[in-house]
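The following paragraphs go through a structure, beginning with a single residue and then turning to the chain that holds it.

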There are 2 protein chains.
Amino acid sequence: MPHIDLPEGVPGIRSAMAFRPETAEPLCLLAETLLRNENSLSRGERELIAAYVSNLNECRYCQSSHSAFAAAQLEGGGELVEQVKRDPASAPITPKLRALLAIAAKVQVGGRSVTSEDVEAARQEGATDIEIHDTVLIAAAFCMYNRYVDGLDTWQPHDEELYRQRGRKTAKEGYVTMSKEYLPQQEPTTQGA
Amino acid sequence: MPHIDLPEGVPGIRSAMAFRPETAEPLCLLAETLLRNENSLSRGERELIAAYVSNLNECRYCQSSHSAFAAAQLEGGGELVEQVKRDPASAPITPKLRALLAIAAKVQVGGRSVTSEDVEAARQEGATDIEIHDTVLIAAAFCMYNRYVDGLDTWQPHDEELYRQRGRKTAKEGYVTMSKEYLPQQEPTTQGA
C-alpha cells in the first residue's frame, strides 16, 4: 500500500502527479525536454537510456514504462530493449550509444563515478558535448523519478501489457499532455508570461 | 576540468544551465516549486533537507550552496545546518523535521529503502501526507541535481564565502530568477500560454 493517500487505481508516478499537480508540471516538462524535444539522439535511444537506468535502480514501474516507450520507438523493438538491459556490451547497438550507456551506468552509482576516460571513449565514438550532457542528465533525472516512484511505494502493476498500451499512447502524445491529465482545470488568468 | 565545454568561471549547476538553457527551465521551476512555494514546511527547513541529502551524496557545490540557503533562512543559521549535517539525531530541530530527514536519508540510498515504519514515525510527529511527499521528492530531486553537477565534473569553488554571498541572493530572489540569467533573450511571441 502506498505510504501516503494516493488516488487508487492510478499506477506509479501518475498517482504521485495526481496527488501533487504543482510538482507534476516541471517533472513532465523535464521529461518532455530530455526525451522528446529535438535532439541528435533519437527518442528511442533516449528512452533506452531511461529504461536502462531505471532497471539498474530496480524500479519496476519506470523500467517497464520506459522499456515500452523505447520499444515503441526503436527498430529492434522490445527484444532489443531486453538485450540492452541484460548486457549493453553485447547488444546490437551503435558503439556511440554503448559508450553513452556506460556513462549513464556510472551516473546511476553517483556523479563522481564518471571519469574523463568514460567521456573520452564516448567522444571517440562520435558523441557530442550535448549528447554527453543529455545522457548525464537523463541518467540523473531517472535517479530522481525512480526514487520518487519507489519512495512513496506507489502501486506498480505487474501486467506488462498495460505498460505496452501506455507506451504506445505516450510515444504518440508525450509527457506534457500526460501532466495535463492531472492539472486542475484552471480559469484563464491575466497574469501573462 | 569539466567533462564538456562549459562556460568558464561559472560554478556548479549554473555552468550546466548556461550550457543547456532548455533543461535549465524545468530544473529551476522544480526547485522553486519544492523549496520556495507556499508550504507548511518553511523554506529554511526544505533547504536543510536539500543540504542534508547533498552532503550524503558528497556533492560539494550543492551541499555548500543549499547549506548557505538554509543558513540564510533558519533561526539557528550556519551552526544549526552544520549540526544537522553532522548528526540530525542530536541537532536541536523539531521531532517532525528529524523524522522527515530520516526519510530523506533512506531516499538517498534508494526509493525502496523507505519503510512504512519510517513514514509512520514521521506521521506520529505530526507530518502530513504533503510534507512526506515533498520530503521524498526533495530528496529524490537532489539525487538528480547532485549527479548532474558531479557527473559533468563542473567547477566547484572551495571558498565558502562565495556560497554565502550567493545564498543571500538566491534566498531573496529564488530559482526562477536564476534560470532567467541563462535563458537567451527571447523575442516576445504571439504563441500565447
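In this predicted model, A:Asp134 sits in helix α8 of chain A, the element that covers residues 129–151. The relative accessibility of A:Asp134 is 1%, so the residue counts as buried, the cut-off for that class being under 20%.

The side chain of A:Asp134 makes a polar contact of 2.8 Å with the side chain of A:Asn39. Once neighbours within four places in sequence are set aside, A:Asp134 is in contact with A:Leu34, A:Asn39 and B:Arg20. The list therefore includes a residue of chain B, with contact meaning heavy atoms within 4.5 Å.

The view now widens to chain A. Its secondary structure consists of 10 helices and zero strands, so that the order of elements from the N terminus reads α-α-α-α-α-α-α-α-α-α.

As for overall dimensions, the C-alpha atoms of chain A fill a box of roughly 50 × 40 × 30 Å along the principal axes. Of the contacts in chain A with a separation of 6 or more, 69% are between residues 24 or more positions apart.

Burial and surface can be taken together. Buried residues account for 58% of the 193 in chain A. The accessible surface of the chain is about 8,600 Å², and carbon and sulfur atoms contribute 48% of that area. Chain A carries 20 positive and 28 negative side chains, and the centres of these two sets are 1 Å apart.

Conventions: Residues are numbered from 1 along each chain as its sequence is written. Chains are lettered from A and ligands numbered from 1 in the order in which they are written. This is a predicted model: local features need pLDDT of at least 70, side-chain atom pairs count only at pLDDT 80 or more; totals for chains, interfaces and linings use all residues. Side-chain values use heavy atoms; hydrogens and water are left out. Helices (H or I, at least four residues) and strands (E, at least two) are DSSP runs, numbered from the N terminus. Buried means under 20% relative accessible area, exposed over 50%, partly exposed in between (1.4 Å probe, protein chains only). A polar contact is a pair of N or O atoms within 3.5 Å; within protein, one must be able to donate a hydrogen and the other to accept it, and residues adjacent in sequence count only if both atoms are side-chain atoms. Accessible areas come from the Shrake-Rupley method with a 1.4 Å probe; for residues, only the protein chains shown count as cover. Lys and Arg count as positive and Asp and Glu as negative; His and the chain ends are not counted. The place of a charge is taken as NZ of Lys, CZ of Arg, CG of Asp or CD of Glu.
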